[in-house]
Amino acid sequence: MGVEQGPMDGRLQEGAPAALYEQVKAFVHDKLRSGEWKPGDRIPSEAQLVGELGVSRMTVNRALRELSEQGKLVRLSGVGTFVAEAKPQSTLLMIANIADEIRARGHVYSCKVLRLAREAAPLEVAAALALPTGASVFHAICVHRENGVPVQLEDRFVNPAMVPDFIHQTFDDTMQPSAYLLRTVPAAEIEHIVDAAMPTPAEAELLEVAPTQPCLVLVRRTWSAGRAVTFVRFVHPASRYRLGSRFSTGSEHGTG
């Protein structure tokens, strides 16, 4: 196999500090940052990039593949490669209703409830809700979609003593568990913990992602009147969603 030759006209340079595929990625990033390539645009084909940049097709393919895995591009077999839409961001400092967030972007929200039942609390759930192991809890599992694409898997446990009618609700596109709980038992305390994790095979199937695609996992607990109300785990494909906040600290707080 011969050594890949860089272009002769000042395009990508062999022997530069970054590998050629990294230079291709930088080239794409520049197009995205400048706005020349906008979300939803189809970018030049691999063959066109090979001709424009003077590198091998294998190099271009690796660069585009890695950018797709990072959520910057979307590759559709037989159609082309497109600039990915900006990932929606959800706040960490308050309980946000994902349905409201999606609709505020002008997108279509839908919710599918996969489970709503009463069951015995396993050890982790009982500890999170300060209940005896095996105590009765409500368990809800939902998949939330934006424009038909799964963006959040919700796995929620609820303390029946705090929300006895939770099990009798009909959760759908118009009413979600979070919205119902906020309306019924406003949270006095909220705990949020975020981790990066690989999805389980079952989670990957429900989110319609590869088991190797990293996810952001938000674990939430809420309390009212000093008693735990809910313990919930939200799983988001990292390529489709992000979590963050902006808030005022007040002048008395430091900036560290």
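Reply: Strands β8 and β9 run antiparallel and are joined by 10 bridges. Strands count as paired if DSSP finds at least two bridges between them; helices (H or I, at least four residues) and strands (E, at least two) are DSSP runs, numbered from the N terminus. This is a predicted model, in which local features need pLDDT of at least 70 and side-chain atom pairs count only at pLDDT 80 or more, while totals for chains, interfaces and linings use all residues. Residues are numbered from 1 along each chain as its sequence is written, and side-chain values use heavy atoms, with hydrogens and water left out.

Me: How many residues lie between β8 and β9 in the hairpin?
Reply: The hairpin has 2 residues between β8 and β9, and A225 in the turn has a positive phi of about 55°. Further along, L216 stands opposite H236 in β9.

Me: And what joins β7 to β8?
Reply: There are 9 bridges between β7 and β8 (residues 215-224), and the two strands run antiparallel. The bridge partner of H192 is R220 in β8, and I193 has V219 in β8 as its partner.

Me: How many residues of β8 are buried?
Reply: Of the 10 residues of β8, 9 are buried, so the strand is largely enclosed by the rest of the structure. Buried means under 20% relative accessible area, exposed over 50% and partly exposed in between, with a 1.4 Å probe and protein chains only.

Me: What is the strand order of the sheet?
Reply: It is an open sheet of 6 strands in the order β4-β5-β6-β9-β8-β7, with antiparallel pairing. At the edges stand β4 (109-120) and β7 (189-197), each with a single partner strand, so one side of each has no neighbour in the sheet. From one strand to the next the twist averages 15°. Axes are lines fitted to C-alpha atoms, for helices over the stretch in contact, and angles run from 0 to 180 degrees between N-to-C directions.

Me: Which strands does α6 touch?
Reply: Helix α6 packs on the sheet and touches β5 (136-146), β6, β8 and β9 (227-237); its direction makes about 45° with that of β6. Contact here means heavy atoms within 4.5 Å.

Me: Changing topic: how many aromatic pairs are there?
Reply: A search of the whole structure gives 5 aromatic pairs. Rings of Phe, Tyr and Trp (its six-membered ring) pair if their centres lie within 6.5 Å; planes under 30 degrees apart are stacked, over 60 edge-to-face, and the rest tilted. One of the pairs is F27 with W37, edge-to-face at 6.0 Å centre to centre and 80° between the planes. F27 lies in helix α1 (residues 20-34) and W37 in the loop between α1 and α2 (46-53), so the pair ties together parts 10 residues apart in sequence.

Me: What about F166 and Y180?
Reply: F166 and Y180 form a tilted pair, 6.2 Å centre to centre with 55° between the planes. F166 is buried at 0% relative accessibility, and Y180 is buried at 6%.

Me: Where is the pLDDT under 50?
Reply: The pLDDT, which is the predictor's confidence in each residue from 0 to 100, stays under 50 over residues 1-10. Residues 89-93 are also below 50. The protein chain averages 83, and 83% of the residues score at least 70. Where pLDDT is low, the predicted coordinates should not be read in detail.
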